[in-house]
Amino acid sequence: MTLPADDMFEIIREEPYEFVPPIESPLWCWLVRTFRLQSYMREVYRVESFDYRGVDRLKASIAEGRGIILAANHSRLADPMALGFLSGEAGTELFAMASWHLFREKWWQTFLMRRMGAFSVYREGNDRQAVNQAIDILTENKRPLVIFPEGAVSRHCDRLMEFMEGPGFIARQASKRREKVGKPPVVIHPVAIRYSYDGDVDKAVAPDLEAIEKSFSWQPQLHLKTHQRIRKIGEALLTLKEVEYLGAAVEGDPHQRALDLIATTLRRIEEKWGVKNGDKDLGYANVVARVKKIRSVVLPDLIAKKVAPEEREDRWRDLAACYYLQQIAHYPRGYITGDKDLPERVLETVERMDEDYRDRVNYHGPLGCTLSVGEAIEVSPERDRTAETDPAMALAAVRVQDMLDGLVAERRAKLFGE
């Protein structure tokens, strides 16, 4: 699986970071949502219908004058726009944290994102400006603030990745400020976003699978079932990365091989650049945290233009490896088994492989999107120091996963009568 350099350069930028603040423009929010958002979602992301649940919970928190965080899972690039529709249902506009690289792509994209309430956050280091902006928004409770605590797009909407603790810190700091002026604490509303597909999934993904197979110089594997083709391609892609990073292919269970590849390669890069890390379990959040720490060591001299051409190439090679190790962590075990697979899971997996290997995404549709707002979680100004993880974020993650599990059960009942 070869990581296209241009794709990584769009996310990791060799230039100094500059904070991009939001612009409050209710007019632009209304114009975009009314005249463009629906057609954009349909044309680009193939999302054609929406089902909103629990909106009254959000409305109640707004009526109470709460500072509000919407903590949502993030499985597709369409998620921020889907939340734009939710805001319309709730009668409010939103602010949102967005990765800085998105503001460096197209001028019109930056123009619209800022006016829709987005502001930048630097994923490669501590961004105090973004944190302060978020705390100010919650303290003043101008609008709800959208944060995707998984930290990246997962491409699997049924399995939640671990939540980062940053949103909990932001919420507590804002609750402290609000307490001083007699305002109620900040609340976090968990939000589950799930997409469904009711078409012929085997027919939909067949051209994508054949294109990948041909890129390997394979004959199209038409004698295999869809889930078998996906598994075979996945093992081939994993083998390519093993050869690249380890020097040879490895035998055994593909999931365990992937974990071993991540662990071995990260450890090698950490030792090379003097980055210290413990021997924690390789949950996704830990992979992201370790990669972020590596980037914080490798990137500054690149940005400052302090390295020779040979070292620059070496640093980018390691940054590319880190990027791809995160991508490998996006493939959950047992997501597709060949036994009553949900069609949207098949779409997600093929789209992820296509994006990782060929640097393109062929979105399939039509998709239906369900957005479910959970009960408010009140965030105390003080953290429970006896807890290993942030209590508010841990509870938010549990509730999002519970809502996703409920939506999966509904789908299985509809499709398979379970």
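# Pockets, cavities and helix packing

Helices α10 (226-246), α11, α12 (284-303), α13 and α14 (343-358) each contribute at least two residues to the lining of the second largest pocket. The model you are looking at is predicted, so please read what follows with that in mind.

- By class, the lining of the second largest pocket has 21 nonpolar, 12 polar and 11 charged residues.

- Lining the largest cavity are Ile-11, Ile-12 and Arg-13, then Ser-99, Trp-100 and His-101, then Tyr-122, Arg-123 and Glu-124, together with Leu-299.
- That lining divides into 5 nonpolar, 2 polar and 3 charged residues.

**α11 with α13**

- Helix α11 (residues 254-273) packs on helix α13 (residues 309-328) with the axes 10 Å apart and an angle of about 150°.
- Angles over 145 degrees count as roughly antiparallel, and α11 and α13 are therefore roughly antiparallel to each other.
- The crossing of α11 past α13 is left-handed.
- On the α11 side, the contact is made by Ala-258, Leu-261, Ile-262, Thr-265, Leu-266, Arg-268, Ile-269, Lys-272 and Trp-273; on the α13 side it is made by Glu-311, Asp-314, Arg-315, Asp-318, Ala-321, Cys-322, Leu-325 and Ile-328.
- This contact of α11 with α13 comprises 10 nonpolar, 1 polar and 6 charged residues.

**α3 with α5**

- Helix α3 (residues 37-44) and helix α5 (residues 79-90) have axes 11 Å apart and pack at an angle of about 150°.
- α3 and α5 are therefore roughly antiparallel to each other.
- α3 passes α5 with a left-handed crossing.
- Leu-37, Gln-38, Tyr-40 and Met-41 of α3 meet Met-81, Ala-82, Gly-84 and Phe-85 of α5.
- The contact of α3 with α5 includes 6 nonpolar and 2 polar residues, and no charged residues.

**α9 with α14**

- The axes of helix α9 (residues 201-215) and α14 come within 10 Å and cross at roughly 25°.
- With angles under 35 degrees counting as roughly parallel, α9 and α14 are therefore roughly parallel to each other.
- Here, too, is a left-handed crossing, as α9 passes α14.
- From α9, the contact draws on Val-201, Ala-204, Val-205, Asp-208, Leu-209, Ala-211, Ile-212 and Ser-215; from α14, it draws on Pro-343, Val-346, Leu-347, Val-350, Met-353, Asp-354, Tyr-357 and Arg-358.
- The residues of the α9 contact with α14 are 12 nonpolar, 1 polar and 3 charged.

**Backbone details**

- The peptide bond from Gly-365 to Pro-366 is cis, and its omega is near 5°.
- Pro-366 sits in the loop between α14 and β7 (367-373).
- Asn-141 is not a glycine, yet it has a positive phi of about 40°.
- Asn-141 lies in the loop between α7 (128-140) and β5 (145-147).

Technical notes:
Residues are numbered from 1 along each chain as its sequence is written. This is a predicted model: local features need pLDDT of at least 70, side-chain atom pairs count only at pLDDT 80 or more; totals for chains, interfaces and linings use all residues. Side-chain values use heavy atoms; hydrogens and water are left out. On a 1 Å grid over the protein atoms alone, a cavity is a set of points where a 1.4 Å probe fits but cannot get out, and a pocket is an open set with protein on both sides within 12 Å along at least five of seven lines; lining residues have an atom within 4 Å of a point. Ala, Val, Leu, Ile, Met, Phe, Trp, Tyr, Cys and Pro count as nonpolar, Asp, Glu, Lys and Arg as charged, and the others, Gly among them, as polar. Axes are lines fitted to C-alpha atoms, for helices over the stretch in contact, and angles run from 0 to 180 degrees between N-to-C directions. Helices (H or I, at least four residues) and strands (E, at least two) are DSSP runs, numbered from the N terminus. Angles under 35 degrees count as roughly parallel, over 145 as roughly antiparallel, 65 to 115 as roughly perpendicular and the rest as oblique. A crossing is left-handed if the near helix is turned anticlockwise from the far one by less than a right angle, and right-handed if clockwise. Contact means heavy atoms within 4.5 Å.
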